[in-house]
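Please look over the structure below before reading the numbered points.

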Amino acid sequence: MRRYGNLYDSICQYGNLESAWKYVKLGKRYNTEVLKFAYSYYANLTRIQKSLESESYVVGEYHQFKVYDPKERLIQYLPLRDKIVQQALHQVINPIFDNSFIYDSYACRKYKGTHLAVERLQSFMNRSLRNDNSELYYLHCDISKYFSSIDRDVLFKLVSHRIKCPKTLNLIRVIIDSSPNPVGLPIGSLFSQLAANIYLNELDQFVKHQLREKYYLRYMDNFVILNSDKDRLKFIKQVINRFVIDELRLSLNSKNSFINKGILGIDFVGYKIFPTHIKIRKSSIVRMKKRLKVMEYKYNHYQMTLHDVNQCVNSWLGHCCHANTKSIVKEVLSNAAFTH
């Protein structure tokens with residue numbers, strides 16, 4: 001396996017930092033922090049560059065908030081300056097790691113995403129049914145408390161397998177150890193997204209090359225394996241469970257790790273996927289109905305603009321358009337009334 005050196009100068013180059021700044025500010029034109037940075041962005045980027053070149057860069061203080069949709073999560077994010085540093089690092093090292101990932105890893109990767117994952121899984125289902133001409137089963141698993149369970153030393157070792165540049169490794173170690181939590185990585189950090197894929201790439205390689213499973217795909221810490229042999233999937237589940245414990249110091253979520261019949265549909269990345277059609281989760285419909293009621297109240301009491309309402313609705317419609325949901329969409333939206 002090739003290890004890459006002499007990366008640090010590329011990370012510190014002003015052009016790379018300026019490119020990172022332009023990317024980070026996308027969609028945040030009127031954000032106060034962005035406006036303040038933009039006023040003297042050349043001087044601000046130069047200060048970042050000097051701190052990196054002198055290896056005196058220190059990660060800023062994390063901010064945090066909770067989201068409750070669909071479940072409670074603690075989101076921790078960094079000041080703009082640190083987002084630029086992480087983006088600059090990402091632009092240099094991401095291609096190195098992305099080239100080593102399997103094709104069927106779909107989270108936080110260019111030209112991938114949930115919709116392609118859904119299409120691929122449905123394609124797997126149909127190919128498996130055609131080839132095996134028998135009943136289809138699937139193993140669905142996810143990792144228990146994934147981000148907060150990542151072992152930082154294991155992660156750094158995996159990063160070191162591909163990078164040998166000492167200064168780049170030192171910067172990565174600074175970012176890894178900056179997390180406000182005693183273990184794991186923060187949700188909401190750009191580096192955390194890449195690190196999460198680096199970490200579970202070990203599982204991907206194990207399943208594809210050691211277990212030699214053909215119909216396997218992963219979206220972050222959720223993954224699915226298809227097989228016509230139910231006993232084979234039981235065995236695979238045991239082996240994977242042992243692998244994530246011994247090699248990655250993680251554990252499977254027992255509640256969400258199970259074997260079932262493919263004909264009943266596979267619940268994955270917000271959709272219910274069948275060989276012949278795709279539905280959206282009932283929980284998504286329920287959440288949208290509740291959200292519409294809240295938005296209706298806020299709009300009618302001048303606490304929300306019609307533009308904000310349209311953005312939220314269009315986002316949900318974008319999710320729905322990849323499934324067979326015409327009648328459901330009509331039912332959900334028909335009861336909403338936005339009038340002053």
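1. E55 sits in the loop between α4 (41–53) and β1 (63–67); helices (H or I, at least four residues) and strands (E, at least two) are DSSP runs, numbered from the N terminus. The model is predicted, so local features need pLDDT of at least 70 and side-chain atom pairs count only at pLDDT 80 or more, while totals for chains, interfaces and linings use all residues. Residues are numbered from 1 along each chain as its sequence is written, and side-chain values use heavy atoms, with hydrogens and water left out. E55 is not a glycine, yet its phi is positive, about 55 degrees. Its relative accessibility is 42%, so E55 counts as partly exposed (buried means under 20% relative accessible area, exposed over 50%, partly exposed in between, with a 1.4 Å probe and protein chains only).

2. C108 belongs to the loop between α5 (80–98) and α6. C108, also not a glycine, has a positive phi of about 55 degrees. Because its relative accessibility is 41%, C108 is classed as partly exposed.

3. Which order do the strands of the 4-stranded open sheet have? The order is β4-β5-β3-β6, and the pairing is antiparallel; two strands pair if DSSP finds at least two bridges between them. β4 and β6 (258–261) are the edge strands, each pairing on one side only. Ignoring direction, neighbouring strands of this sheet are turned by 20 degrees against each other on average. (Axes are lines fitted to C-alpha atoms, for helices over the stretch in contact, and angles run from 0 to 180 degrees between N-to-C directions.)

4. Within that sheet, strand β4 (residues 216–219) and strand β5 (residues 222–227) pair in the antiparallel sense over 4 bridges. L217 is opposite V224 in β5. β4 and β5 make a hairpin with 2 residues between them, and M220 in the turn has a positive phi of about 55 degrees. On its other pairing, β5 joins strand β3 (residues 137–142) over 6 bridges, again antiparallel. L139 has I225 in β5 as its bridge partner. In general, strands of a sheet pair through backbone hydrogen bonds, either parallel or antiparallel.

5. A further open sheet has 3 strands in the order β7-β8-β9, with antiparallel pairing. Its edge strands are β7 and β9 (278–280), and each pairs on one side only. From one strand to the next the twist averages 25 degrees. Strand β8 (residues 271–273) and β9 are joined by 3 bridges and run antiparallel. Y271 has its bridge partner in β9, namely I280.

6. What does helix α6 (residues 114–132) lie across? It lies across β7, β8 and β9, running at about 20 degrees to β8. α6 also lies across β4 and β5, at about 160 degrees to β4.

7. D267 is part of strand β7 (residues 266–268). Is D267 buried or partly exposed? D267 counts as partly exposed because its relative accessibility is 31%. Neighbours within four places in sequence aside, D267 is in contact (heavy atoms within 4.5 Å) with H140, K272 and R281. The side chains of D267 and R281 make a polar contact at 2.4 Å. A polar contact is a pair of N or O atoms within 3.5 Å; within protein, one must be able to donate a hydrogen and the other to accept it, and residues adjacent in sequence count only if both atoms are side-chain atoms. D267 and K279 are 12 residues apart along the chain, and their C-alpha atoms are separated by 9.3 Å.

8. The axes of helix α10 (residues 190–210) and helix α11 (residues 230–246) come within 11 Å and cross at roughly 145 degrees. The contact is made by E202, L203, F206 and V207 of α10 and V239, I240, F243 and V244 of α11.

9. L194 is in helix α10. With a relative accessible area of 5%, L194 is buried. Leaving aside neighbours within four places in sequence, L194 is in contact with H90, I93, N94, F97 and F101. L194 and H209 are 15 residues apart in sequence and 22 Å apart in space, C-alpha to C-alpha.
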